[in-house]
Amino acid sequence: MSKQVLFGFHAVTVRLKTAPKSVIEIHVDPSRRDQRMRQFVERAREAGAKLVDSDDERLGKLCGTSRHQGVVARVEA
């Protein structure tokens with residue numbers, strides 16, 4: 001089973017809508033509490049995704065960039 005990483009609200013939201021069972025886990029920045037993040041977390045929970053609180057440094061290491069918007073998902077390819 002090959003795994004890949006998606007990051008950013010749009011990319012992860014599209015995967016949750018189109019192939020929710022392929023999402024292994026979603027790492028989110030717990031310090032980000034704005035409306036966009038709250039709505040995203042609610043959608044992810046409704047889809048049954050496993051959520052993991054991760055700080056900015058860990059998110060950056062997971063996806064290889066600081067442009068993750070506080071959302072990084074490990075998914076099946």
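Which residues are buried in α1? I looked there before anything else.

I noted that this is a predicted model, where local features need pLDDT of at least 70, side-chain atom pairs count only at pLDDT 80 or more, and totals for chains, interfaces and linings use all residues. Residues are numbered from 1 along each chain as its sequence is written, and side-chain values use heavy atoms, without hydrogens or water.

**Helix α1.** I found Phe9, Val12, Thr13, Arg15 and Leu16 buried in α1. Buried means under 20% relative accessible area, exposed over 50%, partly exposed in between (1.4 Å probe, protein chains only). Helices (H or I, at least four residues) and strands (E, at least two) are DSSP runs, numbered from the N terminus. On the face turned away I saw exposed His10, Lys17 and Thr18. The buried side packs against β1 (3-7), β2, α2 and β4; contact means heavy atoms within 4.5 Å.

**Thr13.** I checked Thr13, which sits in α1 (residues 9-18). Its relative accessible area is 14%, so Thr13 is buried. Beyond four places in sequence, Thr13 contacts Phe40 and Arg43.

**The core.** I then turned to the largest nonpolar core, which has 15 residues. Such a core is a set of buried Ala, Val, Leu, Ile, Met, Phe, Trp, Tyr and Cys residues joined through side-chain atoms within 4.5 Å. Val12, Leu16, Ile26, Met37, Phe40 and Val71 touch the most other members. α1, β2 (23-28), α2 (35-46) and β4 (71-76) each give two or more residues. α2 gives the most, with four.
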